[in-house]
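The report that follows describes one chain, moving from its overall layout to selected residues. Please read it alongside the sequence and the model.

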Amino acid sequence: MMLRRSGLPKVLLAVVLLTAGIILSGCGGAAESKKKAGVTISVTYNGAPVTEGDVRLMMTGKGEGAAGPLNESGQVELQEVVLGKYNVAVTPPEGTPDNPAPQKEYPNIPTKFRNVQASPLQADVKAGTNEFTFELKE
């Protein structure tokens, strides 16, 4: 008696692999196609540049964001920021485990600007050059 092998398991395996490949190839494609632009942000307090701190951008409900440290001119340059409207916060520097930020007061960054959800600062990032200046006031 001779048993015939059915080609069904091979066909089924091929269909499963092809379907998985199609599904997985779609993952992440949307993020790569999002339009992006460069952003320069200047931060001052009482007319003087804020030279220590971080600027954080968060797009409400979208999960998009960007962040960077302020330089000696009170500016941060961010590259490839997804276009859209952002809430902006200015926070004291956090540092890194290898280079912790000094534990001190930062009176030139008022508390109301430190939380990205509560800060009144907003930025609408559009195609092309984006420059924003924020004067922090009590």
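## Basis and fold

Which pattern does the chain follow when read along the sequence? The chain follows the pattern α-α-β-β-β-β-β-β-β-β, with 2 helices and 8 strands, where helices (H or I, at least four residues) and strands (E, at least two) are DSSP runs numbered from the N terminus.

This is a predicted model, in which local features need pLDDT of at least 70 and side-chain atom pairs count only at pLDDT 80 or more, while totals for chains, interfaces and linings use all residues. Residues are numbered from 1 along each chain as its sequence is written, and side-chain values use heavy atoms, with hydrogens and water left out.

## Burial, surface and contacts

Of the 138 residues in the chain, 32% are buried, a term that means under 20% relative accessible area, as against exposed for over 50% and partly exposed in between (1.4 Å probe, protein chains only). The accessible surface of the chain comes to about 9,600 Å², and 56% of this surface belongs to carbon and sulfur atoms; such areas come from the Shrake-Rupley method with a 1.4 Å probe, and for residues only the protein chains shown count as cover.

Among contacts in the chain with a separation of 6 or more, 67% are accounted for by residues 24 or more positions apart, contact meaning heavy atoms within 4.5 Å.

## Two buried loop residues

Glycine 53 is found in the loop between β2 (48-49) and β3 (54-58), and glycine 53 counts as buried because its relative accessibility is 5%. Leaving aside neighbours within four places in sequence, glycine 53 is in contact with Gly68, Pro69, Leu70, Thr91, Pro92, Pro93 and Ile109. The C-alpha atoms of glycine 53 and asparagine 71 are separated by 8.5 Å, with the two residues 18 residues apart along the chain.

Methionine 59 lies in the loop between β3 and β4 (65-69) and, with a relative accessible area of 10%, is likewise buried. Its contacts, apart from neighbours within four places in sequence, are Glu64, Val82, Leu83, Gly84, Lys85 and Tyr86. The C-alpha atoms of methionine 59 and asparagine 87 are separated by 6.3 Å, although these residues are 28 residues apart along the chain.

## Positive phi values

Most residues other than glycine have a negative phi. Asparagine 46, in the loop between β1 (36-45) and β2, has a positive phi near 55°, and asparagine 46 counts as exposed because its relative accessibility is 65%.

Glutamate 80, found in strand β5 (residues 75-82), also has a positive phi, of about 55°, although it is not a glycine. At 60% relative accessibility, glutamate 80 counts as exposed.

## Aromatic pair

The structure holds 1 aromatic pair. Phenylalanine 132 and phenylalanine 134 form this pair, which is stacked, at 6.4 Å centre to centre and 5° between the planes; rings of Phe, Tyr and Trp (its six-membered ring) pair if their centres lie within 6.5 Å, and planes under 30 degrees apart count as stacked, over 60 as edge-to-face and the rest as tilted. Both phenylalanine 132 and phenylalanine 134 are buried.
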